[in-house]
Each structure stands twice: as C-alpha cells, then as structure tokens.
Amino acid sequence: MSAVTAQFPEFRDRTVLVSGGGSGIGAALVEGFARQGAKVSFLDIAEVESRELAERLSGETAYPVSFHHTDLRDIEAIRRTVSEVVERSGPIRVLVNNAAWDDRHEFDDVTEDYWDNNQAINLRHVFFTSQAVAPSMRSAGGGAIINMSSIAFKLNMGVFPAYAAAKAAIVGLTKSMAGRLGPENIRVNCILPGMVVTERQMKLWLTEESIARSVQEQCLKTPLKPDAIVGPALFLASDCAAGMTAQSLIVDGGVL
C-alpha cells in the first residue's frame, strides 16, 4: 500500500497513464495515482506481475486499474494503446514515462544492435509516447508529463554506458518538450531517482552490504523504497506545480 498520505483532489476522475507500471517504481506510481481517485492505465511487457497488480488494486480503488500489455519498442503498439486508453477513460491528463532497463553491460562488448535496443527501451519510447498522448492533453486544455531519468549518469558509473546515455538524454528531451508544449499548457518535468531498492535490484545486484554502503553516501540514512518517488511525482503532476516545467527534481536521499 502506498505510504503517501497527502491528498490531491484534482486527480479524482483524471486519466493517468504510466509506462513500465507493472513492478518497482512504476507499480508504486500506479498505486499512488490510483489511490488519489484517478483513472489509471499502465503499459508493461511483463504480464504476470502486471495483471496481479491491476487485479489487486482494482478491488481497492475508485476506478479499476487497467493494464495494457505493450512492447514499448513497438511505436505503433504505443499509439494503439494510447488510443484505447483515451477511448476508454477520456483524455489523458497525466503521463509518467517511467519504463526503463538498467541492464549492466561491458563497454568493450556493446554492439550496434545492443545499443539500439537499449535506447529503444530507455529513451525512444519517452518521446513517442509523449507524442501520442499530446493530442488528448491539448483537447483537455493541458496536462503534465513526467519523465524518469536517474542520477546514475552524474556519478561516472562505468557499468552501463548505454543506460547512462539515455538517462542523460531524457533531461535534455524534457527541456525541449517543455519548450514546445508549454504554450499548449502541457508541463514537462523530470525526476532523477537515486538508488531505489526494488525487488529487481535485490534479485540482480543489491546486497545488504551494498545497500549499507550506498546509504552512507546519502544525507538521509535510510534506504529509498519505490514509495519515495510517488510523492514527488504526484506533486509535479498536480496543480501545486502549475508554474513548474522544464525542471529536473533529484530524489536521492542527498547524494548529490
């Protein structure tokens, strides 16, 4: 259950779309918006955990949570899904481009195909999902787009150059989209999480020892869980942030 207790009445009945919403930070965002009374849909390629999440939340929230199985490397599939969401739930007022793949890869081993696939998963869909959603936001009189970057590209980490490149690019893309869409009352901001302890991270890379070392680098001496990103996302998407666009918000416990 989401740890966020603040309420934003403006989200009630609004249509929200989250990419990569089946697990980790994405699942926390789906739950956070759904518990605000929003009509939440999410895209993910992982079916089992996504269907479980949608089923669990749909019995507890004002509107059923809708899962759409989508491979974000397929731009036409994104466009079809966005059309389905708009037809079912109305104009999308909030888009969270959360989906990513922080795969570790050795610099000398990266091939052209690997690079292109990595950018398709981490960067390309951010633009094309936003492009697909923009017409419905215009029809609604405005909206908010939140892109998920990472502090990883600021830390000189050598274990994922393609991922770091994509996350850096998302900051620039955010600012460009904010400049283009601002006159249409569509705000575009970016969140840069630090080390967030998710099930995937624990399964693949993190240990209690590595978490402890990372926490020591933070001002706040507690591990960040996915819920730590929910509050900032709700704020940026809310009317409280009506004057904010083209901004990057770091949520890392005080590393940077």
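Reply: The side chains of Asp102 and Arg104 meet in a salt bridge, at 3.4 Å from N to O; the term stands for a side-chain nitrogen of Lys or Arg within 4 Å of a carboxyl oxygen of Asp or Glu. This is a predicted model, in which local features need pLDDT of at least 70 and side-chain atom pairs count only at pLDDT 80 or more, while totals for chains, interfaces and linings use all residues. Residues are numbered from 1 along each chain as its sequence is written, and side-chain values use heavy atoms, with hydrogens and water left out.

Me: Is Asp102 buried or exposed? And what about Arg104?

Reply: Asp102 is buried, with a relative accessible area of 12%, whereas Arg104 counts as partly exposed at 28%. Here buried means under 20% relative accessible area, exposed over 50% and partly exposed in between, with a 1.4 Å probe and protein chains only.

Me: How many salt bridges are there in the whole structure?

Reply: A search of the whole structure finds 11.

Me: What does Asp239 pair with?

Reply: Asp239 forms a salt bridge with Arg14, their closest N and O atoms being 3.5 Å apart. Asp239 lies in the loop between α8 (227-237) and β7 (248-251) and Arg14 in the segment before β1 (15-19), so the pair ties together parts that are 225 residues apart in sequence. Helices (H or I, at least four residues) and strands (E, at least two) are DSSP runs, numbered from the N terminus. Arg14 counts as buried at 15% relative accessibility, and Asp239 as partly exposed at 45%.

Me: Switching to Glu31, which residue does its side chain meet in a salt bridge?

Reply: Glu31 meets Arg56, at 3.5 Å from N to O. Glu31 sits in helix α1 (residues 24-34) and Arg56 in helix α2 (residues 47-58), so this pair ties together parts 25 residues apart in sequence. Glu31 is buried, with a relative accessible area of 6%, while Arg56 counts as partly exposed at 39%.

Me: And which residues of α1 and α2 make the contact?

Reply: Ala27, Val30 and Glu31 of α1 and Leu53, Arg56 and Leu57 of α2 make the contact, which means heavy atoms within 4.5 Å. These residues divide into four nonpolar, no polar and two charged, where Ala, Val, Leu, Ile, Met, Phe, Trp, Tyr, Cys and Pro count as nonpolar, Asp, Glu, Lys and Arg as charged, and the others, Gly among them, as polar.
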